[in-house]
Amino acid sequence: MILELDPERDILGVIDVQPTFMPGGELPVPEGDQVLGPVNRLLARFRHAFATQDWHPPGHLSFASSHPGRHPFETIPLAYGPQTLWPDHAVQETPSAALHPALRQGPIELVVRKGFRREIDSYSAFFENDRTTATALAEWLRARGFRRIFFAGLALDFCVAYSAEDATRLGFESYVVRDACRGVGLPDGAATTIETALARMAACGVRFFTLAELGA
Ligand SMILES: [Zn+2]
C-alpha cells in the first residue's frame with residue numbers, strides 16, 4: 001500500500017547529498033553515490049523539499065588533522081561533548097562540498113548550511129552539536145505549515161539520524177526513507193553506528209518507509 005502524501009504539509013529533507021560523502025570524495029560513505037537515484041525519485045514525488053549542506057572552514061574542529069596525534073574516526077571530548085573526528089571534508093568553496101551536480105534541485109526551497117563555525121560541528125539539520133544553537137529550520141517549517149518530514153541522504157547513522165530524532169523532539173512527524181540513505185557504519189561496541197542509530201531513532205518515534213511505500 002502506498003502512503004498518501006499531503007503535498008502542502010509533507011516535505012522531503014535531503015541530507016548532505018554532496019560529492020565529499022561519496023566514493024572518490026574525502027569522507028566516502030560506502031555506496032554513498034547510490035542515494036542519488038532514489039533521492040531524485042523522491043524529489044519528483046514531493047512538491048516541497050529542503051536540503052542540508054555540510055560546509056566547514058579549513059581547520060574545522062571536527063577534522064582529525066586539527067588535533068595533532070589524533071586519527072580519523074576516533075572520538076574525543078570537546079567542550080560541548082564527545083566528538084567523532086573525521087578526515088577533512090566538505091571544505092567551503094571546494095567542488096566536492098557543493099550539492100551534487102546530479103541532484104534534481106527544483107523542489108528544494110531552502111538549503112541549510114551547517115558546521116560553518118570552526119569550533120563546533122553540526123550533524124542535525126536543526127541544532128549544532130552543542131544541542132542548543134538552533135539553525136532556524138524548525139521555525140521555517142512551522143511558518144510554512146509542514147507537519148511531516150521525510151528524510152533521505154547521507155549519512156544515515158549521523159546527520160540523517162540526528163535530524164530525524166530532533167524533528168520528533170520538536171513536534172514534527174519524522175520519517176526516514178531507508179533505501180534512500182546510506183550509513184558510515186563505524187564500530188559501536190558490539191554493534192555498528194548504523195544499528196545503534198536505527199534503534200535510537202525507532203525508540204524516539206521515527207518511522208521508516210521505503211521508496212516503494214511512498215510511490216517513488
Ligand atoms: Zn562535517
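Colleague: What makes the space of about 140 Å³ a cavity?

Modeller: A cavity is a set of points, on a 1 Å grid over the protein atoms alone, where a 1.4 Å probe fits but cannot get out. The volume is the space filled by probe spheres set on those points, which are joined across faces, edges and corners; for the largest cavity this comes to about 140 Å³. The structure holds one cavity of 30 Å³ or more. This is a predicted model, in which local features need pLDDT of at least 70 and side-chain atom pairs count only at pLDDT 80 or more, while totals for chains, interfaces and linings use all residues. Residues are numbered from 1 along each chain as its sequence is written, and side-chain values use heavy atoms, with hydrogens and water left out.

Colleague: Which residues line the largest cavity, and which lie nearest its centre?

Modeller: Lining residues have an atom within 4 Å of a point. There are 16 of them, with Phe21, Leu27, Trp86, Tyr123 and Cys159 nearest the centre. By class, 10 are nonpolar, three polar and three charged; Ala, Val, Leu, Ile, Met, Phe, Trp, Tyr, Cys and Pro count as nonpolar, Asp, Glu, Lys and Arg as charged, and the others, Gly among them, as polar.

Colleague: Why is methionine 22 called buried?

Modeller: Buried means under 20% relative accessible area (1.4 Å probe, protein chains only). Methionine 22 has 4% relative accessibility and therefore counts as buried. Leaving aside neighbours within four places in sequence, methionine 22 is in contact (heavy atoms within 4.5 Å) with residues including Val17, Leu36, His100 and Leu154.

Colleague: What makes Asp54, His56 and His89 donors of the zinc ion?

Modeller: Donors are N, O and S atoms within 2.8 Å of the metal (3.2 Å for Na, K and Ca); water is not among the atoms, so sites may look incomplete. Asp54 (OD), His56 (NE2) and His89 (NE2) coordinate the zinc ion at 2.0 to 2.1 Å, and these atoms therefore meet the cut-off. Along the chain the donors follow the spacing D-x1-H-x32-H.

Colleague: Are aspartate 54 and histidine 89 buried or exposed?

Modeller: Aspartate 54 has a relative accessible area of 3% and is therefore buried. Histidine 89, at 2%, is buried as well.

Colleague: What makes the set of 59 residues a nonpolar core?

Modeller: The term denotes buried Ala, Val, Leu, Ile, Met, Phe, Trp, Tyr and Cys residues joined through side-chain atoms within 4.5 Å. The largest such set has 59 residues, and Phe126 and Phe151 have the most contacts inside it.

Conventions:
Buried means under 20% relative accessible area, exposed over 50%, partly exposed in between (1.4 Å probe, protein chains only). On a 1 Å grid over the protein atoms alone, a cavity is a set of points where a 1.4 Å probe fits but cannot get out, and a pocket is an open set with protein on both sides within 12 Å along at least five of seven lines; lining residues have an atom within 4 Å of a point.
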